[in-house]
Amino acid sequence: AGIINFCANNYLGLSSHPEVIRAAVEALEKFGAGLSSVRFICGTQSIHKDLEEKIARFHQREDAILYASCFDANAGIFEALLTPEDAVLSDELNHASIIDGIRLCKANKYRYKHMDMQDLEAKLKEAQKHRLRLVATDGAFSMDGDIAPLREICQLAQKYDALVFIDECHATGFLGPNGRGTDELLGVMDKVTIINSTLGKALGGAAGGYTTGPKPLIDLLRQRSRPYLFSNSLPPAVVGCASKALDLLMESNAIAQSMAAKTQRFRSKMTAAGFTISGKDHPICPVMLGDARLASVMAEDMLKRGIYVIGFSYPVVPKGKARIRVQISAVHSDEDIDRCVDAFTEVGRKHGALP
């Protein structure tokens, strides 16, 4: 029956969608393989401006700026925005790209315990002496599949006069009623100031990232963000497929909505089988095993049964928290999901992960 991929970030199945592929081919034929330039020289074509406008409209923000990746977007924002007079408050389990981006800036750095609002409030009180305060968090955390408590974060930000930044790489396209992300899911779209996200996961799966938010911020980034200024413009084919992916999402929320039932099916069946699944209601479904070797050998045996998954262990995740991270996609059928659960159950019993 072949091998089924259960570890891709292709949440909506759009990387193989015929309309997305066709749009990439059309852009390739019309604009060429690449622009051979950074944006501010001769690397800006109509398709780049159109995509930035479309991203801003999708997120209901004023403007957007494209990067080669969301790693670059995270590397480019903190240094450009924050000064030594400012403060940034970061969740301790934020993605490596956020951590690296914060390291590049000269702001005062605070790290609060993972999704701990009491600790965040204590850090915000301590940071009141600084000119500007920015709370930075993943919207959905990629290793555990848990979702940041944005309502509470935004309430604290309002109370202590801070801005809110979220990385939506594992949320854009499929969380929320229309797939706009965790801020839509939790009803705080008007309270989150800055969103960074990717075109390389749900939105076509090729490459690219962006920042969207207030127009003055985007104008600032175009002048001062080093990854934007000194990296080649996104290739036309990448722009074409991402633009079509956004068209499909804004035309209908059917693809985004299909994720909820598939995710629930996998999580409920795996829990019933006796596994511990981290996170809640997210297509990232970490099967918690604890032991690094167990995660590795189980993943190898899963592949023999036609299920492609990968074991994660230290230093990617903390010691003692090894897991196999399963990722559900809209293109998985119910039969695919059931086959995956059956394979996990068989392999889990074989290696003593289940009684």
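Reader: What makes Asp-183 and Arg-61 count as buried or exposed?

Author: Both residues are buried. The term means under 20% relative accessible area, against over 50% for exposed and in between for partly exposed (1.4 Å probe, protein chains only). Now the ground rules. This is a predicted model, where local features need pLDDT of at least 70 and side-chain atom pairs count only at pLDDT 80 or more, while totals for chains, interfaces and linings use all residues. Residues are numbered from 1 along each chain as its sequence is written, and side-chain values use heavy atoms, with hydrogens and water left out.

Reader: How do you know that Asp-183 and Arg-61 form a salt bridge?

Author: Their closest N and O atoms are 3.1 Å apart. A salt bridge needs a side-chain nitrogen of Lys or Arg within 4 Å of a carboxyl oxygen of Asp or Glu, so the pair qualifies. Asp-183 is in helix α8 (residues 182-185) and Arg-61 in the loop between α3 and β2 (63-67), distant parts of the chain 122 residues apart. Helices here are DSSP runs (H or I, at least four residues), strands likewise (E, at least two), numbered from the N terminus.

Reader: Why can such side chains pair at all?

Author: Opposite charges can pair when the charged atoms come close.

Reader: How many salt bridges does the rule give?

Author: The count is 19. One of these pairs is Arg-39 with Glu-52, at 2.9 Å between the closest N and O atoms. Arg-39 lies in helix α2 (residues 39-43) and Glu-52 in helix α3 (residues 46-59), so this bridge ties parts that are 13 residues apart in sequence.

Reader: Why are Arg-39 and Glu-52 called buried?

Author: Arg-39 has a relative accessible area of 7%, so it is buried. Glu-52 has 4%, so it is buried too.

Reader: What makes His-48 buried, and what does it touch?

Author: Its relative accessible area is 0%, so His-48 is buried. The residue lies in helix α3. Leaving aside neighbours within four places in sequence, His-48 is in contact (heavy atoms within 4.5 Å) with Leu-35, Arg-39, Gly-43, Leu-66, Ser-233, Leu-234 and Val-239.

Reader: How do you know that Arg-103 and Asp-100 form a salt bridge, and where do they sit?

Author: Their side chains meet at 3.1 Å, N to O. They are three residues apart in helix α5 (residues 96-104), so about one helical turn separates them. Arg-103 is at 62%, so it counts as exposed. Asp-100 is at 29%, so it is partly exposed. Elsewhere, salt bridges that share partners join Arg-265, Lys-269, Asp-334 and Asp-338 into one network.

Reader: What are the domains, and how do they meet?

Author: The protein is divided into domain 1 (16-251) and domain 2 (253-351). Those bounds come from an automatic or database domain assignment. Their centres, taken over C-alpha atoms, are 27 Å apart. The contact takes 17 residues from domain 1 and 18 residues from domain 2.

Reader: How much area do the domains bury, and which residues supply it?

Author: About 1300 Å² is buried between domain 1 and domain 2, 57% of it on carbon and sulfur atoms. Met-143, Asp-144 and Phe-174 supply 41% of the area that domain 1 buries against domain 2, more than any other three residues. Buried area is the accessible area (1.4 Å probe) that two parts lose on being put together, summed over both.

Reader: How many salt bridges and polar contacts cross between the domains?

Author: The salt bridge count is one. Asp-144 pairs with Arg-323, with the closest N and O atoms 3.1 Å apart. On the side of domain 1 that touches domain 2, the residues divide into eight nonpolar, seven polar and two charged. Nonpolar covers Ala, Val, Leu, Ile, Met, Phe, Trp, Tyr, Cys and Pro, charged covers Asp, Glu, Lys and Arg, and the others, Gly among them, are polar.

Reader: What backbone feature does Gln-60 show, and is it buried or exposed?

Author: Gln-60 has phi near 60°, a positive value in a residue other than glycine. It is found in the loop between α3 and β2. At 54% relative accessible area, Gln-60 is exposed.

Reader: What is the phi of Asp-281, and why is this residue called partly exposed?

Author: Asp-281 has a positive phi of about 55° although it is not a glycine. Its place is in the loop between α12 (254-273) and β9 (284-290). Its relative accessible area is 47%, so Asp-281 is partly exposed.

Reader: Is the peptide bond from Tyr-314 to Pro-315 cis or trans?

Author: The bond is cis, with omega near 10°. Pro-315 is found in the loop between β11 (311-312) and β12 (322-327).
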